[in-house]
Amino acid sequence: GTRTAPRARGTRTRVLSRLFRCIIRRLARRALVFWHGRHRPQSRDERNPEGPNSSFRNSSDHSIPSSDRTKQPSLMASPPKDRNWGSLLKWSLAQSDNGNVAGVGQSENDPNPNEAGRPPLRQLSEEDRKFLIQAMQNGMVDEIKRMKDITSALSVTPDCVLPTQEDIDARVELIHELNDRVCSIDNGGDLHTIGGLVPIVKTLSSPHAQLRAAAAEVISTTVQNHEKAQLAALECACVAPLLQLVLGVGGNAPPLEREGKVEEEHEANDAAVATELCRVKALLALSSLTRGCPLAVSTFISEGGMRALRDVIENDSVSSVGADTVRSKSETALLQMAKKTKTKTMHLARHLCVMSDEVMCCVVDADLLLSVSTCIEQGIPSFGKLAGDWSDATRVEEKKMMPTGAILSSQLREAGVRFLLCVAQCVDFEKTPKALDDLRSEKCVGAINTLGRWYLTFDGDEKETHKDEMTMCSELGKMFG
């Protein structure tokens with residue numbers, strides 16, 4: 001199937017690919033010109049020190065001696081097979097005019113360089129051949145071999161506590177590199193073939209939250225719009241550990257060797273933020289896994305995925321979104337991360353409910369509509385719940401201060417309203433009568449009416465900012481308000 005990679009990574013891949021081809025082409029040309037310059041017979045002008053080509057002879061004196069070339073360090077343990085070098089040489093020649101590089105073996109008065117009569121080409125010596133192969137290797141990376149090396153390193157104690165923080169950081173860097181490589185649809189399909197998905201899935205059970213979050217991101221990138229990778233991930237039983245991350249299971253164990261003492265309160269806040277990050281990455285992986293894959297959706301439901309989504313939406317960590325309390329930086333970061341988690345959860349629920357009537361029934365039976373209605377009210381600023389007691393001073397102060405939390409609250413409300421509207425428009429009320437009862441419930445209608453009263457206080461700029469949210473809420477109000 002087609003695949004939609006992140007734009008930044010796609011652009012970087014294309015630029016690096018063009019740069020790599022340009023480097024290889026120039027390197028091959030220079031190597032061939034250098035070899036022919038050493039082995040072809042000299043002309044009279046080149047043998048004459050006073051001739052017009054004496055400058056070329058002098059410049060060739062600066063070529064690297066063969067003894068120095070053999071001392072160049074090797075970047076690979078063993079040279080590739082001859083067919084790799086021969087294929088690259090043929091490709092390089094094909095990019096040049098008439099298959100001839102820089103006019104090698106061609107005189108100025110020869111109109112047809114392909115005719116017989118030019119000096120025969122000599123075979124490369126073993127020394128020059130090794131030098132050319134080594135030069136090619138300096139600009140080549142075997143993607144599959146590198147992926148094997150990374151997954152082999154990750155296979156060592158994937159679910160154990162690592163000794164030092166440096167070990168954790170090094171393993172995180174390896175997982176990030178693997179994530180960059182599986183952005184290619186070919187590499188994503190080959191990851192399971194080389195046995196790389198198994199250690200990644202095992203890393204989802206790591207006691208370190210950083211590793212779990214990075215592993216979930218690799219799964220998300222690998223299975224995105226890739227049916228083969230989706231089925232391979234299901235074979236590795238990745239749904240259950242991903243749902244554990246969604247539920248916040250795992251904690252964040254410190255390394256065995258710790259430098260200095262860390263305050264318990266600070267450590268607890270860091271662990272909570274890391275847990276929320278794992279939730280976000282796991283939701284991203286589940287969204288990519290279930291998109292267009294009925295088997296993944298069935299596995300998700302059978303493993304209790306709907307209940308997990310409801311528990312995330314009902315999480316009390318954002319119950320005081322609008323409270324005017326002073327928070328520390330870590331508490332603010334935790335609150336913002338929790339809002340992102342709820343927003344992504346509602347997007348995933350909206351994506352699932354439109355797949356089939358059976359899935360829609362599971363969404364409704366899990367009471368997600370009621371949970372989302374409560375979450376929408378939590379995303380309204382505290383003064384918005386006062387049913388009209390909004391002073392001009394409060395409104396002016398709010399417009400001056402548009403922190404990140406206010407933007408995340410807006411995204412939270414919009415995701416909730418969009419989910420309710422999607423269910424209302426797509427559900428078959430005869431097959432799922434509970435949906436009608438939930439949409440007409442006091443909790444759902446109350447959230448819509450509270451939003452409507454809050455919208456009445458908006459000025460022109462605010463109406464333009466929240467235009468989409470207001471439109472969807474108006475449609476819901478006409479249907480069930």
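How many salt bridges does the count come to? The count comes to twelve salt bridges, a salt bridge being a side-chain nitrogen of Lys or Arg within 4 Å of a carboxyl oxygen of Asp or Glu. This is a predicted model, in which local features need pLDDT of at least 70 and side-chain atom pairs count only at pLDDT 80 or more, while totals for chains, interfaces and linings use all residues. Residues are numbered from 1 along each chain as its sequence is written, and side-chain values use heavy atoms, with hydrogens and water left out.

Select Glu-143 and Arg-181 to begin, whose side chains form a salt bridge at 3.0 Å, N to O. This pair links distant parts of the chain, since Glu-143 belongs to helix α7 (residues 143–154) and Arg-181, 38 residues apart from it, to helix α8 (residues 165–181); helices here are DSSP runs of H or I with at least four residues, numbered from the N terminus. Glu-143 is partly exposed at 30% relative accessibility, whereas Arg-181 is buried at 19%, where buried means under 20% relative accessible area, exposed over 50%, and partly exposed in between (1.4 Å probe, protein chains only).

Finally, select Glu-143, Arg-146, Glu-177 and Arg-181 together, which salt bridges with shared partners join into one network.

Key: Helices (H or I, at least four residues) and strands (E, at least two) are DSSP runs, numbered from the N terminus.
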